[in-house]
Amino acid sequence: MTAPAAAQHLDASSALIGRRVLVKVPATSANLGPGFDTLGLALARYDELEVSVPDASTDAPGLEIEVHGVGEGEVPLDERHLVVRAIAHTFARAGVPMPALKLVAHNVIPHGRGLGSSGAAIVAGVVAAKGLLEGIVDFSADELLDLATELEGHPDNVAPALFGGLTIAWVTPEGPRHKKLMVHRGVSPLVLVPEHEMSTALARSLQPESVPHEDAVFNVSRSALLVAALIQSPELLFQATEDKLHQHYRAAAMPETDRLIRVLREAGHPAVVSGAGPSILVLASDPSERAAAIAIVEASADTAWQALPLAVDFKGATVVNAER
């Protein structure tokens, strides 16, 4: 390290002392039926994170983590914590040494249920690091998406978590990109959450390497229709949520999810697997349809399901900088 670079790092480290950021990140549902690895929707259920940089002269440890709510007593409380990994990744990209940190997480997004909990943790870390580094290093929206995607592996969950609303995400040679769209006010999402979890890695392992040409064409048409239905024509949501690309391949791994989706769709509700599952997303066109879907699940389910009528989140991750 050259002397000027060392001095620059020293200045940055000094500037970080006492900084505190408060981050709020929404849950997300990816795929939305036909939009596999491309479409994502931000939902108004939030994990909250406080990150602060203590004075190096105190006796505070180099890393202190508190987790309250979902994941409490389960997630690691060291450098393996996903939020910490995301913060470290962002500081490394900025070329600034990561300081001592205190993290306090208040989690409500269920883990392993297809609601983007890992994407939310990654986005929380990236956005927290951005907030801490404000005035030292600036990040563009594309750079934030790139950082989050590098850790998550694909952008369909992290894009709506970062930016809110309905997002279309794609990958270019220069990195991932996104387009945010505003959802029609008539769209009334309902998430049905079971007690059991589902491994995203397992769900992906059930996907074939190739699909029939007619199935690919089918999903292209439904994905295009789904965008139109979500932003302009909610009455088309039932047809727009048809899928032949991934859900039926994963059905054997989550039979109760598959059965309830069939029951809901037979009753005319636009139900799909939320992300990798096992939660179900119903893209209802009004609140009364949500109530009818909940009644069907209560009458048909063999196991307990939590019904979460949620609004669409339009802001995405938000951060408040607060000097101590």
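Helix α10 (residues 255–266) and helix α11 (residues 287–300) cross at roughly 130°, and their axes come within 10 Å. The model is predicted, so to speak of local features a pLDDT of at least 70 is needed, side-chain atom pairs count only at pLDDT 80 or more, and totals for chains, interfaces and linings use all residues. Residues are numbered from 1 along each chain as its sequence is written, and side-chain values use heavy atoms, with hydrogens and water left out. Helices (H or I, at least four residues) and strands (E, at least two) are DSSP runs numbered from the N terminus. Axes are lines fitted to C-alpha atoms, for helices over the stretch in contact, with angles running from 0 to 180 degrees between N-to-C directions.

Given their angle, α10 and α11 count as oblique to each other; the scheme calls angles under 35 degrees roughly parallel, over 145 roughly antiparallel, 65 to 115 roughly perpendicular, and the rest oblique.

The crossing of α2 past α4 is right-handed. For α3 and α4, the axes come within 10 Å and the crossing angle is roughly 140°, which makes α3 oblique to α4. This crossing, too, is right-handed.

With a relative accessibility of 72%, G135 counts as exposed (over 50%; buried is under 20% and partly exposed is in between, using a 1.4 Å probe and protein chains only). G135 sits 9.7 Å from A12, C-alpha to C-alpha, although 123 residues separate them in sequence.

Of the 21 lining residues, H81, L82, H111, S117 and A121 are the closest to the pocket centre. A pocket here is an open set of points on a 1 Å grid over the protein atoms alone, where a 1.4 Å probe fits, with protein on both sides within 12 Å along at least five of seven lines; lining residues have an atom within 4 Å of a point. At least two lining residues each come from β1 (19–30), β2 (39–52), α2 (82–94), β4 (101–107) and α3, with α3 giving the largest share, five residues. By class, the lining has eleven nonpolar, five polar and five charged residues. Nonpolar covers Ala, Val, Leu, Ile, Met, Phe, Trp, Tyr, Cys and Pro, charged covers Asp, Glu, Lys and Arg, and the others, Gly among them, are polar.

On to the backbone. Most residues other than glycine have a negative phi, and most peptide bonds are trans. The loop between β1 and β2 contains L32, whose phi is positive, near 60°. L32 is buried, at 0% relative accessible area. D37 lies in the loop between β1 and β2 and has a positive phi of about 60° despite not being a glycine; at 24% relative accessibility, D37 counts as partly exposed. Finally, the peptide bond from G277 to P278 is cis, with omega near 5°, and P278 lies in the loop between β8 (271–273) and β9 (280–284).

Methods. Left-handed = near helix turned anticlockwise from the far one by under 90°.
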